[in-house]
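Here are my notes on the model you sent.

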Amino acid sequence: MVLPETDVEDYLISLTMMLVDKDPDLLRCPNCSNVIERLCDCEGVGENNTVAVPLQKKPRADEGNDELAAHKMQHRFRCPECSQDFCGSCGESPYHEGYTCEQLATYRSA
């Protein structure tokens, strides 16, 4: 039995997305599903070594808080396709400025 071409395409897209979701170095934009590669794990790195664009031009909510600054440096991404700002850890869009993923979850459940 031969599958119709549209079914084969749907299968290949589903398989690709499944592989992307399992790879810790690949992220999907929650807005447009564009695949973004994380170029390093950035743990403890002081410079931006991901495809994320640092958006530090205005006063920062994480100023003086090392935990928030580290979370933002490691998990904040901007999609190069649609410019959506999002968290690469929890998928929150836009990125949860001023909170870690855990802090945001606690705040929302209170």
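1. C79 sits in the loop between strand 3 (76–78) and strand 4 (85–87). Helices and strands here are DSSP runs (H or I, at least four residues, for helices; E, at least two, for strands), numbered from the N terminus. C79 is buried, because its relative accessible area is 1%. The classes are buried under 20% relative accessible area, exposed over 50% and partly exposed in between, with a 1.4 Å probe and protein chains only.

2. The model is predicted: local features need pLDDT of at least 70, side-chain atom pairs count only at pLDDT 80 or more, and totals for chains, interfaces and linings use all residues. Residues are numbered from 1 along each chain as its sequence is written, and side-chain values use heavy atoms, with hydrogens and water left out.

3. What does C79 touch, leaving out residues up to four places away in sequence? The contacts (heavy atoms within 4.5 Å) are C29, C32, N34, I36, Q84 and F86. C79 and C29 are 50 residues apart along the chain, yet their C-alpha atoms are separated by 6.2 Å.

4. C82 counts as partly exposed at 28% relative accessibility; C101 counts as buried at 12%.

5. A search of the whole structure gives two aromatic pairs. F77 and F86 are stacked, because their ring centres are 6.0 Å apart and their planes at 25°. Y99 and Y107 are tilted, with centres 5.5 Å apart and planes at 35°. The rule takes rings of Phe, Tyr and Trp (its six-membered ring) with centres within 6.5 Å; planes under 30 degrees apart are stacked, over 60 edge-to-face, the rest tilted. F77 is buried at 1% relative accessibility, and F86 is buried at 2%. Y99 is partly exposed at 30%, while Y107 is exposed at 54%.

6. Check the salt bridges next. The count comes to five, where a side-chain nitrogen of Lys or Arg lies within 4 Å of a carboxyl oxygen of Asp or Glu. K72 and E97 meet at 2.9 Å, N to O. K72 lies in helix 2 and E97 in the loop between strand 4 and helix 3 (101–109), so this pair ties together parts 25 residues apart in sequence. E97 also forms a salt bridge with R76, the closest N and O atoms being 3.7 Å apart. K72 is buried at 6%, R76 is buried at 11%, and E97 is partly exposed at 32%.

7. R108 and E92 form a salt bridge at 2.8 Å, N to O. R108 is in helix 3 and E92 in the loop between strand 4 and helix 3, 16 residues apart. R108 is exposed at 53%. Through shared partners, salt bridges join K72, R76, D85 and E97 into one network.

8. Last, H75. This residue lies in helix 2 (residues 66–75) and counts as buried at 14% relative accessibility. Leaving out residues up to four places away in sequence, H75 touches R38, F86, C87, G88, S89 and Y95.
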